[in-house]
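This report concerns the structure shown below.

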Amino acid sequence: MADTIINIKQVWKEYGNQVVLEKLNLSVQTGEFVSIVGASGCGKTTLLNMLLGTESPSRGSILLDGEPMPTEPNATRGIVFQKYSAFPHLNALENVMLGGEFAASPFLGKVFFKQRKKLQEKALEMLVAVGLGDAATRFPNELSGGMQQRLAIAQALIKEPRILLLDEPFGALDPGIRKDMHQLIRELWKKRGLTVFMITHDLSEGFSLGSRVWVLDKPRIDPQQPERYGAQIVYDIALNTDQVIPKSLQSIINKTAQD
Amino acid sequence: MRLMNSKPSRSMRLALNLLPFVILLVIYTLASDARLLENPSDKLLPAWSSFYDAMQRMAFEPSKRTGEYLLWADSAASLQRLLLGVGISALIGLVVGVVNGMLPLIRATFSPLITAISLIPPMAILPILFIVFGLGELSKVMLIIIGICPILIRDLQLRTQTLPSEQLLKAQTLGANSWQIMIRVVLPQVLPPLLSAVRLTLGSAWLFLIAGEAIAATEGLGYRIFLIRRYLAMDVILPYVIWIAILAFVMDTLLRLLSKHAFPWYHGKRGSE
């Protein structure tokens, strides 16, 4: 049996009086693919930021491999945002090489000669793996939206993170391209034994990709003081291969359509 | 067709571009002829031939007093001051702007100071510069630096702060430390905005240069103009002014081309949505 990689214990997140998330108790095994769905503004991104390390819980603790979560982003957790993940001033190959260069050259952040050759080969391999082998010398602004996301994924995976965080990674893409990206991410997840957390507002995407779905919603609402209660994980669904989306879920997600 | 939808053809656009210049030249020639007809020794609007003679004298005959070719000596002196001032300002602007923009601790310390300095009119402290740095080159270069540096710093700081936070987070997840992010992610991305900021401040730099030269110098384009003003020598002043405009235009064009060639990624189509 796989071991626990993330353990969320009694976590509350508050900004002043406003409770965003409450009573989160979750543990995630290595190799799970967790889709996080919920209405907009319900704290999905806050949860992801806590996993990334840019925000910390107000109460409770998040453990990574049994240790407290670092309070800064680092190389154990890779991330792909909806956009702006790739660096516009570097071409695709250089974008992917950057992770290796940071590690190899603390002062210049840039390597030369033999070392560079080696990093180039490794980066090119990664680009081929995400289907960008032919676009190695192109700059991000010369790539389509889908290709930019492929690049962002390659860039994150070159550091071999154990956890990959995806913040609505395919939200800005056309449906057809989205399908291709699903296939790519599923392949990479299986092949590399990654633990993935993906935020999405597309329920079917969450269910078709994930091995587990978290649905965030506010189960309690005080009409006088809406900020009094935060969102919780109202459904934590482990998915088998074929599962129909429960009807009751759709109504929760439909709130998303308002944005 | 609506006026807003009619566009000039290529040749027509060229003709329209030149038209105002031609009109100005014609008006000048007519006015100058009229005045010279009345008073052949009029100095206000010299004839084209006087310009030619004056420039022949300034550019291609050594000065009787110093043996220098005045136009070129003046240009060299002015350009040296200008390039020094602008170059040092750009360097300071880049370093301070990026550090300020990236590091909240530094920003909290220095940002109010820089804002305060930028509110002081540089010309008001020119006397202080002359007192502190003497009447030599340093005070004139310092005037340019004090005049344009705060603008460059604030612009670069803003550019740094408006880089998408996603990029900075991504770099951190790639294992970079602050220094590496500064030199590999932030610095290369604010170089093109630095060049455009320098282009915009060149006008002010010339202003401070000529003001400085007018007050204390022994050579330079601004010095010359203010010197011969005493003799109403419009035949030299006007060509000098046009020469300064040409120099400014060339510098602006060079910077634009440099930016285009050195940073193609910045000038290509911005992000495909």
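The sections below set out the basis of the description and then the two chains.

## Basis of the description

This is a predicted model, in which local features need pLDDT of at least 70 and side-chain atom pairs count only at pLDDT 80 or more, whereas totals for chains, interfaces and linings use all residues. Residues are numbered from 1 along each chain as its sequence is written, and chains are lettered from A and ligands numbered from 1 in the order in which they are written.

## Form of chain B

Chain B has 11 helices and 0 strands, where helices (H or I, at least four residues) and strands (E, at least two) are DSSP runs numbered from the N terminus. The C-alpha atoms of chain B occupy a box of roughly 80 × 65 × 30 Å along the principal axes.

Chain B is more spread out than a compact globule, because its radius of gyration is 24 Å, well over the 19 Å given by the globule rule for 273 residues. The radius is taken over C-alpha atoms, and the rule is 2.2 Å times the number of residues to the power 0.38.

## A helix pair in chain B

Helix α9 (residues 221–228) and helix α10 (residues 234–262) of chain B pack at an angle of about 160°, with their axes 10 Å apart. Axes are lines fitted to C-alpha atoms, for helices over the stretch in contact, and angles run from 0 to 180 degrees between N-to-C directions. α9(B) and α10(B) are therefore roughly antiparallel to each other, a term for angles over 145 degrees.

On the α9(B) side, the contact is made by Leu221(B), Arg224(B), Ile225(B) and Ile228(B), and on the α10(B) side by Val236(B), Ile237(B), Tyr240(B) and Ile244(B). Residues are in contact if their C-beta atoms, placed from the backbone, lie within 7 Å. By class, this contact has 7 nonpolar, no polar and 1 charged residues; Ala, Val, Leu, Ile, Met, Phe, Trp, Tyr, Cys and Pro count as nonpolar, Asp, Glu, Lys and Arg as charged, and the others, Gly among them, as polar.

## Domains of chain A

Chain A is assigned domain 1 (1–76 + 162–259) and domain 2 (82–160), with bounds from an automatic or database domain assignment. The domain centres, taken over C-alpha atoms, are 27 Å apart.

In chain A, 14 residues of domain 1 are in contact with 11 residues of domain 2. On the domain 1 side, α5(A) gives the most, with 5 residues. That side has 10 nonpolar, 1 polar and 3 charged residues.

## Contact between the chains

The contact takes 28 residues from chain A and 22 residues from chain B. On the chain B side, α7 (165–173) and α8 (178–215) are the elements that give two or more residues. The residues of this side divide into 8 nonpolar, 9 polar and 5 charged.

Note on methods
Two residues are in contact if their C-beta atoms, placed from the backbone, lie within 7 Å. Angles under 35 degrees count as roughly parallel, over 145 as roughly antiparallel, 65 to 115 as roughly perpendicular and the rest as oblique.
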